[in-house]
Protein chains: 2
Amino acid sequence: MTMEFATRYRSRSRIPAEQGKPYFIEKGMGDRAHLFTDLVTVYAGGEQTENAFNFFTVEGPKGDLIPAHSHADTHEVFYVTDGAVRLFVEDLQGEQQEKLLTAGDFGFVPKNCPHAYRIERHHSRIVGVAAGPGGTFERFFENLGTPTEELGLPVQPYVPEPHKFGTVPHEYDVRFLPDHQWRTGN
Amino acid sequence: MTMEFATRYRSRSRIPAEQGKPYFIEKGMGDRAHLFTDLVTVYAGGEQTENAFNFFTVEGPKGDLIPAHSHADTHEVFYVTDGAVRLFVEDLQGEQQEKLLTAGDFGFVPKNCPHAYRIERHHSRIVGVAAGPGGTFERFFENLGTPTEELGLPVQPYVPEPHKFGTVPHEYDVRFLPDHQWRTGN
């Protein structure tokens, strides 16, 4: 028996619309979105946790460094379960670090710290938790990108319409830093 | 270069004592504790997230069903990355479910829902996030159990001294339910 629910985000979701209900979601069956080359899958959001935290995965192919950005009110976990992901982060004093994370490795990015990452092996997967006192931001990906019923990566990269960059990031506590430079060497 | 910090929990920790610092932790190198047959590794706690959430892993051998319990103020994620874990959960109306979770599968237990699990394959690993409006409870395991510098499972099960059961669970929002019965069949 597979339970499906109509929620404010999906007509068919494995996440119950009603708060306080236990649930299970099999691998890959959370609320899915495509953004550029990646597949983002939400397994729990602010509605489930009284806005304490969320839980999602990001899967993608080997690719380019994503744009540097920061979150004013959101702390973020990067936990790699598959493949290899190079995480770049700058602290509040401007000191930069980078680290290649492989399966089981963990990275933590506090609020206001510029960061970016590059997927360095095909079939990589990051587990993400991103939340802070102001709430959670798991619906950023499907709003800048697009919700999907597909189970895999985008067949063609999903490139957001330009006007979305003017509104969606701000609504989800994402600030892109177009002039940011990484001086860490990779 | 491996960064180590003295914190209130460990004389040598990979988690910075200072809030707001980005950090990386390689697989297995978080703050470790032994409790019964299991190894619990904390990668982030309430100090890192303004008490929004935490992030830890539980690794254990194939074993018995752990005691049923609930959390008055804590929502909990069970995300299996290795092996197989059977999660049992009861909703607020008393309806019970169980599900065998394997790598990539997800379970969500809202606050106040009785739950338990049984590790059904050796070398299983659960990623846990457990938090709510009242904070996070990641130090439960090392207080009921014991902190360790070891990297593996306990060589002998670590059985808490009986008096700890009278105080530690309450301090970390854990309520054991000794009379609870699972009627789900496994």
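The structure is a predicted model, in which local features need pLDDT of at least 70 and side-chain atom pairs count only at pLDDT 80 or more, while totals for chains, interfaces and linings use all residues. Residues are numbered from 1 along each chain as its sequence is written, chains are lettered from A in the order in which they are written, and side-chain values use heavy atoms, with hydrogens and water left out.

**Where chain B meets chain A**

- On chain B, 46 residues are in contact with 46 residues of chain A, where contact means heavy atoms within 4.5 Å.
- The size of an interface is often given as the accessible area lost when the parts come together.
- Between chain B and chain A about 4,000 Å² is buried, and carbon and sulfur atoms give 67% of that area; buried area is the accessible area (1.4 Å probe) that two parts lose on being put together, summed over both.
- In chain B, the residues that lose the most area to chain A are B:Pro22, B:Phe24 and B:Phe106, which together make up 20% of what that side buries.

**Polar links and make-up of the interface**

- There are 6 salt bridges between chain B and chain A, a salt bridge being a side-chain nitrogen of Lys or Arg within 4 Å of a carboxyl oxygen of Asp or Glu.
- One of them links B:Lys99 with A:Glu26, whose closest N and O atoms are 2.6 Å apart.
- The chain B side divides into 24 nonpolar, 11 polar and 11 charged residues, where Ala, Val, Leu, Ile, Met, Phe, Trp, Tyr, Cys and Pro count as nonpolar, Asp, Glu, Lys and Arg as charged, and the others, Gly among them, as polar.

**Strand pairing across the chains**

- Strand S9 (residues 106-109) of chain A and S1(B) run antiparallel and are joined by 3 bridges; two strands pair if DSSP finds at least two bridges between them.
- Within this pairing, A:Gly107 has B:Phe24 as its bridge partner in S1(B).

**Strand S11 of chain B**

- In S11(B), 9 of its 9 residues are buried, buried meaning under 20% relative accessible area, exposed over 50% and partly exposed in between (1.4 Å probe, protein chains only).
- S11(B) runs antiparallel to S4(B), with 5 bridges, and also antiparallel to S6(B), with 7 bridges.
- B:Thr57 has B:Val127 as its bridge partner in S11(B), whereas B:Glu76 stands opposite B:Ala130.
- A hairpin leads from S11(B) to S12(B) through 2 residues, and B:Ala131 stands opposite B:Thr136 there.

**A loop residue in chain A**

- A:Thr37 lies in the loop between strands S2 (31-35) and S3 (38-44) of chain A, and A:Thr37 is partly exposed, with a relative accessible area of 35%.
- The side chains of A:Thr37 and A:Asp38 are joined by a polar contact of 3.0 Å.

Definitions and conventions: Helices (H or I, at least four residues) and strands (E, at least two) are DSSP runs, numbered from the N terminus. A polar contact is a pair of N or O atoms within 3.5 Å; within protein, one must be able to donate a hydrogen and the other to accept it, and residues adjacent in sequence count only if both atoms are side-chain atoms.
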